[in-house]
Amino acid sequence: MSTTSDQESAPAKVRVPVIPGTAWTNPLRDARDRRLPRVAGPSGLVIFGVTGDLSRKKLMPAVYDLANRGLLPPGFSLVGFARRDWEDQDFAQEVHDAVREHARTPFREEVWQQLAEGMRFIPGDFDDDTAFKQLREAVEELDSSRGTGGNFAFYLSVPPKFFPKVVRQLKKHGLANAPEGSWRRAVIEKPFGHDLASARELNAVVHDVFDPDQVFRIDHYLGKETVQNILALRFANQMYEPIWNRSYVDHVQITMAEDIGIGGRAGYYDGIGAARDVIQNHLLQLMALTAMEEPIAFDAEALLTEKLKVLKSVRLPEDLGGHTVRGQYAGGWQGGEKVIGYLQEDGIDPRSKTDTYAAVKLEIDNRRWAGVPFYLRTGKRLGRRVTEIAVVFQRAPHSPFDSTATEELGQNAIVIRVQPDEGMTVRFGSKVPGTSMEIRDVTMDFAYGESFTESSPEAYERLILDVLLGDANLFPRHQEVEESWKILDPIEEYWATHGRPAQYASGSWGPEEADEMLARDGRSWRRP
Amino acid sequence: MKIDLTDTTASKINKALVQGRRAIGTPAVGMVLTMVIVTDEENAYDSVKAAEDASREHPSRTLVVIKRHARTPRDRTRSRLDAEVRVGSEAGTGETVILRTFGEVSEHADSVVLPLLLPDAPVVVWWPVDAPENPAKDPLGALAQRRITDMYAVEHPLDTLETRVRSYAPGDTDLAWTRLTPWRSMLAAALDQARTKIISAAVESEAENPSAELLARWLEVRLRVPVQRVVTPGPVVTAVRLGTDNGEILIDRPEGPLATLTLPGQPPRTLALKVRATSELIAEELRRLDADEMYAIALRGDGIKENS
């Protein structure tokens with residue numbers, strides 16, 4: 001009996017690229033047919049700033065990898081827009097080189113040919129009306145020659161100061177208006193402003209042209225398998241959720257460390273700093289996913305509701321000076337290499353107060369988390385490149401073993417490793433073999449690379465496919481962006497008026513002040 | 001590393017597996033399933049290679065059961081089990097045990113396999129050749145959630161197809177069906193684009209091709225139109241035509257990895273539609289281990305018979 005009811009209810013969940021307003025369903029698709037991949041419907045992707053680093057290293061390879069895995073529709077088209085004197089074939093050559101160098105899957109000539117047929121290039125400036133007229137003609141030409149059906153996503157891989165100009169041009173030339181029965185979407189990358197006011201301004205500009213539901217903000221962390229797995233871990237299993245609360249959890253540490261300096265990004269980075277660059281988006285999103293209540297469904301709206309609840313219940317420490325820390329990396333030795341300090345980097349004002357390290361303590365005022373601190377930290381030129389979420393549990397309330405037996409026993413912890421070496425570690429105490437009772441920490445490990453080798457797609461592959469499918473689960477909405485700024489703005493304001501960033505040696509795990517910040521609460525940072 | 005065991009038992013093999021894992025320093029394993037390959041000596045090498053390639057995506061313990069046929073009557077009465085245990089770099093990302101059975105134990109291969117299955121993990125049985133008439137009733141097949149046969153490896157594929165229809169049990173699957181996934185995916189995508197009612201259909205292929213027959217049956221069930229079978233020189237499936245009121249949807253793959261897609265009122269465009277290697281087919285099979293209902297429907301070729 002149960003199978004028949006499954007069959008009856010299953011077709012409702014099928015993911016057919018349904019176009020609103022029409023009742024046509026594809027008879028060849030069926031929810032029970034799970035071999036057929038989630039192929040995007042007829043569509044095209046227009047990339048602005050196609051000559052940039054992100055586009056070459058991530059976007060174009062991701063498009064190719066999707067095509068190689070058979071997830072793009074037959075007539076998929078890629079339009080590049082940049083200030084280069086290129087023909088279509090020059091652009092195709094550029095994409096070819098980028099794919100050869102950076103794609104995850106092996107290069108196959110037949111896939112390339114299928115993709116190359118749909119490539120167009122529009123040379124021009126963002127001010128240039130003729131270029132946008134050409135773009136419009138190209139889009140219309142692709143609709144008729146490739147069957148893209150009027151469905152286009154515009155990927156703005158350009159500095160945010162150009163966003164207003166580009167979206168206005170799209171509006172002016174009628175590119176943002178979807179013809180009946182099709183869609184037009186905008187994809188934007190961080191930073192989404194540098195404080196609440198600028199974020200609102202940016203949202204207003206974009207929403208003036210595109211419907212808020214059709215604006216996809218890329219936070220590539222959310223495209224990572226482990227991050228999506230946080231929800232699977234918490235809500236598909238029975239054994240974690242009962243202890244996922246203030247009765248058992250002592251505190252949570254969320255870390256994103258980079259071993260590189262600012263590289264050539266001085267112009268972008270100075271004045272922005274680590275907190276705005278990383279905490280505002282990535283770390284607060286990770287915190288929201290770790291702390292949120294169970295969504296009523298795994299869809300964009302339900303996820304937004306729950307994440308917003310968490311972000312809105314965040315409470316900042318009263319004493320911002322005692323519970324936030326910022327730092328700047330000083331010169332030193334990192335991993336056997338001599339590196340210079342932040343203030344000595346090219347293009348940085350030697351009196352700059354920009355933070356390259358930031359640590360904050362946040363609390364979430366709700367029944368589940370009251371009194372459980374969330375420590376968020378990020379920094380450049382730290383020990384190694386790592387991103388992880390550590391949920392640290394309280395000690396057992398009573399131990400029948402005497403204190404010498406448990407001397408080496410730490411707190412239990414569940415660590416979700418976001419990158420690299422995606423996976424999860426559970427740390428707990430175990431008896432050391434021998435005649436005496438001695439308990440020591442051991443770890444149990446789940447590694448993606450071990451149980452599901454090679455099947456993890458790049459974050460951008462997943463996110464681009466989701467944009468084309470119109471699936472907004474993994475994209476932060478403008479409300480979340482604004483709430484995140486509300487959390488960070490008071491901290492930034494405090495920092496602007498109080499003192500200077502502490503200096504920390506490159507290759508270390510941050511300034512001493514950060515250790516003191518946790519010591520004040522009787523805790524210490526994990527070494528990731 | 002490789003450990004050879006002659007005239008052995010399952011418990012000795014288990015010991016050798018633990019010993020092998022200790023020796024290479026990875027006592028904890030993340031294997032997700034047990035793959036049992038039942039084959040003869042001739043096909044063993046290629047099948048094991050395909051399974052080991054597939055294990056890069058699905059780390060697994062591979063048990064290869066090879067039934068040996070003794071030449072003399074005296075050898076035939078003597079029952080013996082030989083095993084070759086491979087762990088580490090010799091065995092892809094998992095572990096491989098090659099079991100050679102002689103004499104009477106060949107009839108009871110399931111007694112050797114059962115103690116070697118991974119605890120709690122799903123079991124998949126694959127017969128690269130000589131699949132039993134009724135896979136689910138076979139002693140080894142009965143241990144598995146998923147039973148993979150291959151109609152490309154039989155003398156009369158269309159007769160075998162009818163046998164498969166009769167013996168179908170949830171969990172059965174065939175590589176002739178797996179080979180169709182790219183075709184079916186492209187046909188579905190083409191229809192997404194054409195968005196119109198189909199009034200006729202034809203599948204073109206070499207003679208007696210089981211994939212083509214399954215594809216035709218699938219189209220018949222889903223589109224509710226009779227599907228014409230057209231014989232061409234091949235190789236395998238060469239084209240699918242779907243008739244609409246405004247013209248024809250055609251996916252044409254005369255040879256090589258490039259196909260042409262033609263939609264009514266649009267210029268033709270190329271598609272990548274490659275004939276895939278066995279390891280890729282196996283990797284696809286292992287992605288989902290629950291019953292493939294759509295295969296059952298396509299196999300029977302008729303939605304009404306489905307309930308009988």
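## Reading chain B

Author: Start with how far apart in sequence the contacting residues are. This is a predicted model. Among contacts in chain B between residues at least 6 apart in sequence, those that join residues at least 24 apart make up 71%.

Reader: Into which domains is chain B divided?

Author: Domain bounds come from an automatic or database assignment. In chain B, domain 1 covers 2–174 and domain 2 covers 181–272. Taken over C-alpha atoms, the centres of domain 1 of chain B and domain 2 of chain B are 36 Å apart.

Reader: What box do the C-alpha atoms of chain B fill?

Author: Along the principal axes, the box is roughly 70 × 40 × 35 Å. The secondary structure of chain B consists of 10 helices and 14 strands.

Reader: How many of the residues of chain B count as buried?

Author: A residue is buried if 20 or more other C-beta atoms lie within 10 Å of its own. Of the 308 residues in chain B, 44% are buried.

Reader: How many residues of chain B are in contact with chain A?

Author: The size of an interface is often given as the accessible area lost when the parts come together. Here it is given as residues: 35 of chain B are in contact with 36 of chain A. On the chain B side, at least two residues each come from α7 (181–194), α8 (210–223), β13 (258–262), β14 (269–272) and α10 (293–300). The most come from α7(B), with 12 residues.

Reader: Which classes of residue make up the side of chain B that touches chain A?

Author: That side has 18 nonpolar, 7 polar and 10 charged residues.

Key: Residues are numbered from 1 along each chain as its sequence is written. Chains are lettered from A and ligands numbered from 1 in the order in which they are written. This is a predicted model: local features need pLDDT of at least 70, side-chain atom pairs count only at pLDDT 80 or more; totals for chains, interfaces and linings use all residues. Helices (H or I, at least four residues) and strands (E, at least two) are DSSP runs, numbered from the N terminus. A residue is buried if 20 or more other C-beta atoms lie within 10 Å of its own, exposed if 12 or fewer, and partly exposed in between; C-beta atoms are placed from the backbone. Two residues are in contact if their C-beta atoms, placed from the backbone, lie within 7 Å. Ala, Val, Leu, Ile, Met, Phe, Trp, Tyr, Cys and Pro count as nonpolar, Asp, Glu, Lys and Arg as charged, and the others, Gly among them, as polar.
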